[in-house]
Amino acid sequence: MKQSNRIKAMVKEEQEESSNRPDNTAFTQQRLPAWQPILSASIVIPMFVLIGAAFIGVGVALFITSRDIQLQELDYTGDDSEHPCFKCRTNTEKCTCSMTFSIPTLFKGPVFFYYGLTNYFQNQRKYGASKDDNQLYGDLNYFTSPSTDCDPYTRDSKNMPIVPCGALANSMFNDTFTLSHTVNGVQKIVPLDGKGIAWWTDYNIKYRNPSITPLINAFNGTKKPTNWPKPIYELDTTDVYNNGFINQDFLVWMRRAALPDFRKLYRRITHDDYAAGLPAGNYTLTIAYNYPVHSFNGKKKVVLSNVSWMGGKNDFLGIAYIVVGSMCVVMSIVMLIVYARFKFGEDD
Amino acid sequence: MSFFGLDCFPKTEGAELERKLRANDREYNRSFKYATNAIKTSKYNFFTFLPLNLFEQFQRIANAYFLVLLVLQLIPEISSLSWFTTVVPLALVLTVTAAKDATDDINRHRSDNQVNNRKVEVLIDRKLRSEKWMDVQVGDIIKLENNQFVTADLLLLSSSEPLNLVYIETAELDGETNLKVKQALPVTGDLGDDIEKLADFNGEVRCEPPNNRLDRFNGTLAFAGQKYPLDNEKILLRGCTLRNTDWCFGLVLFGGQETKLMQNSGKSTFKRTSIDRLMNVLVLCIFGSLVFMCMILAIGNYIWEVKNGSNFTVFLQRKHSAGFSAFLTFWSYIIILNTVVPISLYVSVEIIRLGNSFYIDWDRKMYYSRSDTPAEARTTTLNEELGQIKYVFSDKTGTLTQNIMIFNKCSINGKSYGDVYDYTGQRLDISELKDPVDFSFNALADPRFVFYDHALVEAVKLENPEVHAFFRLLALCHTVMAEEKKEGELLYQAQSPDEGALVTAARNFGFVFRSRTPDSISIVEMGNQRSYELLAILDFNNVRKRMSVIVRSPEGKLSLYCKGADTIIYERLHQSCSKLMDVTTDHLNEFAGEGLRTLALAYKDLDEEYFSRWRERHHEASTSLEDKESKLDELYEEIEKDLLLLGATAIEDKLQDGVPQTIEQLAKADIKIWVLTGDKQETAENIGYSCNLLREEMKDIFIVSGHSPEDVRQELRNAQNSMKPDGAANSLLLTEEKSKNLIKDEEANGEYGLVINGHSLAYALESSMELEFLRTACLCKAVICCRVTPLQKAQVVELVKKYKKAVTLAIGDGANDVSMIKAAHIGVGISGQEGMQAVLSSDYSFAQFRFLQRLLLVHGRWSYLRMCKFLRYFFYKNFTFTFVHFWFAFFCGFSAQTVYDEWFITLYNLMYTALPVLGMSLFDQDVNDVWSFQHPQLYIPGQLNLYFSKTAFFKCAVHSCYSSLVLFFIPYAALQDTVRGDGKDVADYQSFALLTQTCLLFAVSIQLGLEMSYWTAVNTFFVLGSLAMYFAVTFTMYSNGMFLIFPSAFPFIGTARNSLNQPNVWLTIILTSILCVLPVVTCRFLLIQLCPTINDKVMFKVRQARATPPPPPRRSRIRRTSSRRSGYAFSHAQGYGDLVTSGRFLRRPAVPRASGFPQVGRAATGFSPMGRSAGYSPTGRPQNLKVPDVEVTSLQMYRTFSDGDL
C-alpha cells in the first residue's frame, strides 16, 4: 500500500517535471468515444426491406390520393382551325371566344380555376431579373428612377419612367374568363373569387402601394407598362385592397414560374351553390382573348382542379415512391442472395 | 529597415569582388556600405503588409481565378450572380491566410528583435562598450565571453587560452556537438586583452566576398608592414558558441545578412505532396471541363435564341444577336459554375493538414519521457504523404542504434559467460532480469556497468588464471586514456566506443586500467597496483584487423597481447589451441547470430632475446623513409603468430528501443528499408542482423565492394541473375524503362539482402549504371549502403525518387543526414540528441526510431485516409451542387439562371457543408491505433494510391452526375403542375429553388454520413448543427424583417414558410435523399461482400472482437544460435597507437562546467577534433538521457576520421 502510494507520488512528480509531455485527453490522443457503423448485412438488408415497405405504402397512398383529384383541362390557344378561339389567335383587336365542356359527376369543391402557359420562359434570367423590388415595395424614389435591371422596360419612348418597370410586369397575363353553368338551358354565371389567390407574404409584405391616397397621385410623372391596356392603379378600381401593386392577379403573375410550362391560380370557386363543388352538367367558358402566345409557339389553357392534403394532382410522386420502394425490396433480395453465397469470412 | 521590405534579398548589382576593411576605422569601412549586423528574416512591416501580402496571395492561381471571377461579375451584361457570392468567400480566405502570415511574420519580427538586441562588448573610442548586436559594424573589434554566441563572422584576434586557442561549439551551424578549436595568429594573439593595444590595432583585411561555404576562408591580414594569410582556422562564424574559453577578441568581417550562417539559411526547397500534385492536375482538368460545359451551354443558348428567344421578343426584347448572347452566356456560366473549383478547397486542405499535424505534436505515445521530447510536425503540409511511404532511408548511428556499446558476453577458455539460465536450463531474457552482479568488492568499479551472469565474477574471485589473463589483456591492450580528477573517480576517453566498453568491463571485473604514460600502463589488478612497461603498440588498421601490445610485467615477463577479428586471429594461433578454437568458434557463431560484435583475444609470452632483436628491427623500420608501412607490417606479421587463444568478447551495439519490432512492422506494411550509413561494412552488416533487417534465412546476401566500374557492374549483374535467373534481356528492358523514367516493381525468387560499399556506390550511382543498381537493390528485401558520404545518401534517395513512382522518407539524426532528409519526400529528424541540424531541416522530428511506426502506420495512414475522404467528398458535394445548374440550363433557355438562391450559393461551402466535412477529416478513423498496429497491411492501399486517384476522381464525378440528375429531375417532376394544399402556387421559381437546395443539402449530408466511419459527438453535432443552421439561416433570410431592411437583397421573403409546410415538398426531399443514397449503399455492400478490401476485413474483425483486443504478445528479441559468418566489427581507427606512445597528447586541466549548458565532450588534444562524438556509455544508459547532475560522461575525445558517419 505504502509502496503503491510512493509510486503514485513518483509518477505524479515525473509528470509535473516533464513539461513537454502532451496532455492526456481523449481529443488530443484521438480516443474520442465514437459510434462506428459498418455496412453489415444485418443492418443493410433489413433497412432496405423497411424502406421498401414504407415507400410502397406511402406511394400507394399518394397515388390513390392523386387519382382522386379531379381535373378539367381546356386548351384554348386555338391553333386548330376548328377551335372556337382560332379566330382570336392572331387578332390584335379585342376578341372573345367561348368553349363548352361538360362535367359528368360532381366536381368536388373547393374548385380552383387556373390558367396555364407552355413554352413560356418566366425563368429566363434576364426576364426574371427585369423588375425593381424597391419600386414594387412602394418606394417612391424608385418610381422616378427605376433600377436599370428593368432595361429596356425602364422608360418609354418619351423617357418617362415606367411603373411597374421591367419585362416581368410588362408581360402580365391579361386574358379574362367567365364560367357559366347551363342549368335547364339557362346560362348561370359561376361566381369566381379573385381574393386570397396570392401568397400572404407577397400581399402583405413584399408588395406595398405607396401610402398616398388616392393611389393615382403616386403615379404622377410615370407611365404604364407599354403592353398594358390600363395603368396599375386601375387594375381593380372596385377594391382599394386589390389595386395597384397588391392586385392579386398582378402578385400571382409576379411570382414567376420555375419551369417553362406552368399554371397559375386565376380564381377560386367558393361561393353560392358552387361552394361544395361544380355539379355535373354543361359549362361554358368565355374567354376574353388578349394574350399573344402564337409567336413563340406557346399554349394557353384553363385548368379546373380541386386539391387534396398533398396539393394538386401529380401522379409522379406516388409512382416514384412505389418504384423506389419496389427497387429497395428487389435490391434487398439480391443482397441477401449475394450475402448468403459470398459472405466473406475469417480468412485473412 | 527599408520601406518595402525587399532588402533581405541579396543585391545582385555591383557584386562585391573582394572585401577590404580596416580594424577600428569605421569611417573607412563605412565607405564600402557593408551590411551591418542587423538581421531581418521578416517579410513585411506595418505599412507594407497589406499590399505585399495581397500581392503574394493573388499570385496563387486559385485566388487569382476568383479575382477574375469577381471582375466578370461586375460586368452587368455577364453577371449572373451577385458580387457577394464571390466576395464573401474570397474575403474570408484572404483574411484567414493573411492572419496566418501576419502571425508568422510577427514571430519572425520578434525573434529578429531578440537577436538584434542581444548585447555584446564592442571596442569603441578606446573603450569597451556594451552595444546591441545590430549596431555592430564591419571592422569593429568585439569581446566575447564564455558561452556567448558569436555575434558575427569574426577574425579571431586573441584569447584567454594558451597558444591563442578558442573552443567553439558549432551545433547550430553544422550539427556537430563536439568542440572545435580555432587558433589566432601569434601576431594578433600578442594583443591579449590589452585594450590600448587592441584600440591601436589597425590591421587591414582583404578577403573573399560573402559566401555560404562554411569550411573555407581566404584572405590576408596586413599589419605592421607584414602580410599574414588567413584561413578557416582563424575565423569564428556567427551561430557558434564559445566554450571553455574565458574571453576572446575578434574583428568583425561579415555582419548580419552577409554572415555565412545567414547565407546558408532559408533556401530549403518547398516540398509538395503527391496529392498536391494530383490536385493541381485535377483542378486543371476541372477547369477544362468547366470551359467545356460552358461551351455546351453557350451553344445551347445560341440554338435557343435562334429557335425560341427570337420569338419570345413580345415579352423580352433582344438587345444582342444570338451569337453575342451565346458569348455572354459563356461567361455568365463560367461565373455560375465556378463552384466546381471552390476556393474553400485549398483552405480546408490546409486546415485538415494543420489539425493532423497537431495530433502528431500531441501524441503521448510519440513522446519520449527520458529526454522530455515530444514529437513535432515541423511541416504542416505533408501529412497525408506519411500514409504513402514506400521507401525508408535510415541512418544507422544514433537512429537505429544508441551508439552505446555494452560488454554483453564473453567466452573464456571455452566457457561462455553472459547468459543467465533458470533452474530448468531455460535462457532468460536479460532485459527482464533484476539481479545484476554486485561489484562492490571493487572500489574502482564503474557503478553504471551492469552484468547479470554471476559465474564470471565468481571465476574472477576464484582467481581462474585464464579469466585473469583475459581481463588483463583487456586492461592492457587498447589505446584508451584515463583521467582521474578525484581519487578513484576514473574517466576513460576512448577513441572507439568498443574499446571503451571493453576496458570498462575489465575495470569492473577487477582489472582497472588507471593511467598510462607513453611507455607504461598502470593497472590495479584485483586491488593491487601494478605497472606494466609498454614496449610497443602494434597498431590497428583495416587490413590487419587486430591490434597488439607488447608489455613487460612488473615481474619482468614479456608478453604480447592481441585482440582482433576472429578470422584473423585464428590464422595466427598455435596448433595447441585447436580444441579450444572449436569451442570458441561455436560461441563466436552464437554471438554473431545475436548480432553482437565479436573480437577474439589471444596472447603469447615472448622471449627476451628475440624481442630485443625484433625491437631493433622495428626501430629501424619505423625510422626508414621508404616503404615504412610494408616493413612494419612484415615485422608485425612475424611477431603475431603462434598465439594462444584466450577467448572472445561480444559487445552489443545497443539498438534504440524497439528497433527490430519497428522494422518488422514496417516490412509487413510493405515499406522497404534501406540503411545508409557512414560506418564500415562489418559494423553495418552486424547492425543489419541485430535489427532483423538481414536474416540468416535469407537466400543470399550480396556484397558489392568492387573497386572499378566493371567489377561493380559485374557484381550487380551476378546478383540480378541469381535473383531472377530467367531475367534475360535485362539491359534491353532497362533502356526501354529509362526512357519512361519509371521502373516497375519486380519479384525476386526469394529473400535477398544487398550490402554495398561507398566506393562501389560511387560507380553504381553513375548514370550508366544507376538503373542496374536500382533494379538489383529493389529486388532485395534489405539494402545496406555503408561508408557513404552525405552526398551519396542524397543521391541514393534521388535515384529512387527519380525512377520509382514511390514516396520516400529519410530518417536520421546527424548533420550528415541533412542532405538526405532534404532530398526525400519526407525528412524525419531524431531529436533530443547531438546537434539540431537534422531536426532543423526535417519535416517531422521525434526522439526514438520506434516512433516511426506510429508516425506512419497510425498518423500517416489516418491523415492519408482523411485527406482522401475529404477530397472525394468535397469534389462530390461541389460537383453535385454545380451540375444541377447545368441541367436547369436546358429548362431556362440557357440564360445562366441559377437554380438556388444566391445566399445559398454564398453560404453552401462556407457554412452549410464546411464543418461536417472538416469534422470528418479531423476525426475519422477506420480502425483505431491498436488495430492499425496489428494489421500493418492496412498501410498498403496508401502506397498504391488507392483512396484518391484519377479513377477515384472520375467515379466521384460520375456519382455526382447521378446525384445532380436526381436532385434536379425529381423536384422538377414533383413540382410540375402541382399546387399547394390551399390551391396556391408552389411551382414558382423561388419554391423550386428552395426545394432543390434543401434536397441537395440533405443528400450531401446523408452522403457524408455514409462516408464517415467514426461518429464522435462532435461529428454528430456538426452534421445536425449544419442542417439546423441551414434552416435557421434560411428562415431568417426569408423573413419579413430581413426583407424590410434590404428589399432587393432578400427577395425570397416568405418562400420557406410557404413551401416547407407542404407535405409533398417533404416527401420530395425524402425521395431525393433516398434515391441519391440507395445505389451507393447497394454498391458498397455488394463490393464488401464480393471483393472486400483489407479495410473491410479488419473492420469486420473489429466488429467481431467488439472490445479492444488484448495487446499483441510482446515479441522477445529474435535470437538465433548458429551463424556461419563472423561477428567481427570494430569501429576503431588507425593511428592511435602512435599517438598514445608519442606522448603528444597534452591535457588541459578539467574546468568546472558552467551549468545550464548541455553536456559536451571537450577537446583535449593538441589537434582540432572533428566529426561527431561517438559517445559510449558502458551501462546501457541511453545517450540522450537528461541527467543534469551526473558528471561528464566519457565522451569521445579524439577525432574519428574513419569511423565513418561523416
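This is a predicted model: local features need pLDDT of at least 70, side-chain atom pairs count only at pLDDT 80 or more; totals for chains, interfaces and linings use all residues.

Colleague: Into which domains is chain B divided, and how many Å separate the centres of domain 1 and domain 3?

Modeller: The assignment for chain B gives domain 1 (136–265), domain 2 (343–358 + 858–1098), domain 3 (365–399 + 655–723 + 743–855) and domain 4 (401–654). Taken over C-alpha atoms, the centres of domain 1 and domain 3 of chain B are separated by 39 Å.

Colleague: What is the separation of the domain centres in chain A?

Modeller: In chain A, domain 1 covers 43–69 + 309–347, and domain 2 covers 70–306. Over C-alpha atoms, the centres of these two domains of chain A are separated by 42 Å.

Colleague: How far apart are the end C-alpha atoms of helix α10 of chain B, and what span should its residues give?

Modeller: Helix α10 of chain B runs over residues 322–336, which is 15 residues. At 1.5 Å a residue, the helix should span 21 Å. The end C-alpha atoms agree with this, as they are 20 Å apart.

Colleague: Is α10(B) mostly covered or mostly uncovered, and which elements do its buried residues pack against?

Modeller: In α10(B), 11 of the 15 residues are buried, and the helix is therefore mostly covered. Among the buried residues are B:A322, B:L328, B:F330, B:Y333 and B:I336. The elements against which the buried residues pack are α3 (125–129) of chain A, together with α3 (61–73), α9 (274–309) and α28 (851–889) of chain B.

Colleague: Is A:K301 buried or exposed?

Modeller: A:K301 lies in strand β11 (residues 299–305) of chain A. Leaving aside residues up to four places away in sequence, A:K301 touches A:E73, A:L74, A:D75, A:Y76, A:Y114, A:Y115, A:G116 and A:T118. Buried means under 20% relative accessible area. The value for A:K301 is 13%, so this residue is buried.

Colleague: Which residues does A:P84 contact beyond its neighbours in sequence?

Modeller: A:P84 is in the loop between β2 (71–75) and β3 (96–103) of chain A. With a relative accessible area of 37%, A:P84 is partly exposed. Beyond its neighbours within four places in sequence, A:P84 is in contact with A:C97, A:S98 and A:M99.

Colleague: What is the form of the peptide bonds from A:V163 to A:P164 and from A:T213 to A:P214?

Modeller: A:P164 lies in the loop between α5 (141–144) and α6 (167–170) of chain A, and A:P214 in the loop between α7 (200–206) and α8 (248–254) of chain A. Omega is near -10° for the bond from A:V163 to A:P164, and about -10° for the bond joining A:T213 and A:P214. The form of each bond is cis.

Colleague: What is the phi value of B:D372, and what is that of B:N413?

Modeller: B:D372 is in the loop between α11 (344–362) and β14 (376–377) of chain B, and B:D372 is buried, with a relative accessible area of 15%. B:N413 is in the loop between β16 (401–412) and β17 (415–417) of chain B, and B:N413 is partly exposed at 39%. Neither residue is a glycine, yet phi is positive: near 55° for B:D372 and about 50° for B:N413.

Note on methods: Residues are numbered from 1 along each chain as its sequence is written. Chains are lettered from A and ligands numbered from 1 in the order in which they are written. Side-chain values use heavy atoms; hydrogens and water are left out. Domain bounds come from an automatic or database domain assignment. Helices (H or I, at least four residues) and strands (E, at least two) are DSSP runs, numbered from the N terminus. The expected span of a helix is 1.5 Å times one less than its number of residues. Buried means under 20% relative accessible area, exposed over 50%, partly exposed in between (1.4 Å probe, protein chains only). Contact means heavy atoms within 4.5 Å.
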